[in-house]
Amino acid sequence: MAKIQRLVFFFIVSAICVASDHLIFNRITLNPTSAEFVSIYNPTGEDIDLSNYYISDNPSSISYYNLPQDASDGSIDSWSVTPFHFIAQFPANTSIAPGEELVLSFHTDELFNSYYGYDPDLSLFEDMLDLNDNGTISCDADACSEQSILENDAEALILFYWDEE
């Protein structure tokens, strides 16, 4: 019975992927902690420019859908990374070609490569942008390797488009 359920699940997921007109998380890896990553797949027939795309793991109190909330100094009154959550913008001129995927490491290129033997396309702490145009999201290298970015038991991961209007 379990084989039949897996087979049905496979066919349903395959049918959804074939008919999709938007980006899809096609792989999310949570363990080991210092090698967490997500793969984003483009099932469409066109390149998708990620310049106005963001990724977040926080659907709660400081939620992505509250953007923008300007502080008195004109910056976005928000956060890019906390000990428990992040929100980050993809760098300009980043795109995914039709039928291709982009691998985003939730740590550094070096940590990712030490586990998988190749570099990710982007890494959260070296390539992804914070919300106030202050550069990339940063993290102490030692702390990054120990920090679990995605919780293993329950976590949201949200990819969204926002053109700042």
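This is a conversation about how the descriptions of one predicted model are reached.

Colleague: What should I know about the model and its numbering before we start?

Modeller: The model is predicted, so local features need pLDDT of at least 70 and side-chain atom pairs count only at pLDDT 80 or more, while totals for chains, interfaces and linings use all residues. Residues are numbered from 1 along each chain as its sequence is written, and side-chain values use heavy atoms, with hydrogens and water left out.

Colleague: How do you know how many helices and strands the protein has?

Modeller: Helices (H or I, at least four residues) and strands (E, at least two) are DSSP runs, numbered from the N terminus. On that basis the protein has 3 helices and 9 strands, and along the sequence they follow the pattern α-β-β-β-β-β-β-β-α-β-α-β.

Colleague: Why is Gln89 called buried, and why is His22 called partly exposed?

Modeller: Buried means under 20% relative accessible area, exposed means over 50%, and partly exposed lies in between, with a 1.4 Å probe and protein chains only. Gln89, in strand β5, has a relative accessible area of 9% and is therefore buried. His22, in the loop between α1 (2-18) and β1 (24-29), has 45% and is therefore partly exposed. Across the protein, buried residues make up 38% of the 165 residues.

Colleague: What makes the link between Gln89 and Tyr54 a polar contact?

Modeller: A polar contact is a pair of N or O atoms within 3.5 Å; within protein, one must be able to donate a hydrogen and the other to accept it, and residues adjacent in sequence count only if both atoms are side-chain atoms. The side chains of Gln89 and Tyr54 are joined at 3.5 Å, and the side chain of Gln89 also reaches the backbone oxygen of Ser51 at 2.7 Å.

Colleague: Which residues does His22 touch, leaving aside those up to four places away in sequence?

Modeller: With contact meaning heavy atoms within 4.5 Å, His22 touches Tyr41, Pro43 and Thr44. The C-alpha atoms of His22 and Pro43 are separated by 7.0 Å, although these residues are 21 residues apart along the chain.

Colleague: How do you know which strands pair in the open sheet?

Modeller: Two strands pair if DSSP finds at least two bridges between them. There are 4 bridges joining β4 to β9 and 3 joining β4 to β5, and the open sheet of 3 strands has the order β5-β4-β9 with antiparallel pairing. β5 (87-89) and β9 (158-161) each have a single partner strand and stand at the edges, so one side of each is left without a neighbour in the sheet.

Colleague: Which way do the residues of β4 point?

Modeller: In a regular strand the side chains alternate between the two faces of the sheet. Tyr53 and Ile55 point one way from β4 and Tyr54 and Ser56 the other way, and all are buried.

Colleague: What makes a group of residues a nonpolar core, and which residues have the most contacts inside the largest one?

Modeller: A nonpolar core is a set of buried Ala, Val, Leu, Ile, Met, Phe, Trp, Tyr and Cys residues joined through side-chain atoms within 4.5 Å. The largest has 21 residues, and those with the most contacts inside it are Ile55, Phe90, Leu104 and Phe106. β2 (37-41), β4 (53-56) and β7 (101-105) each supply at least two residues of this core. Apart from it lies another core, of 5 residues, among them Tyr54, Ile87, Phe160 and Trp162.
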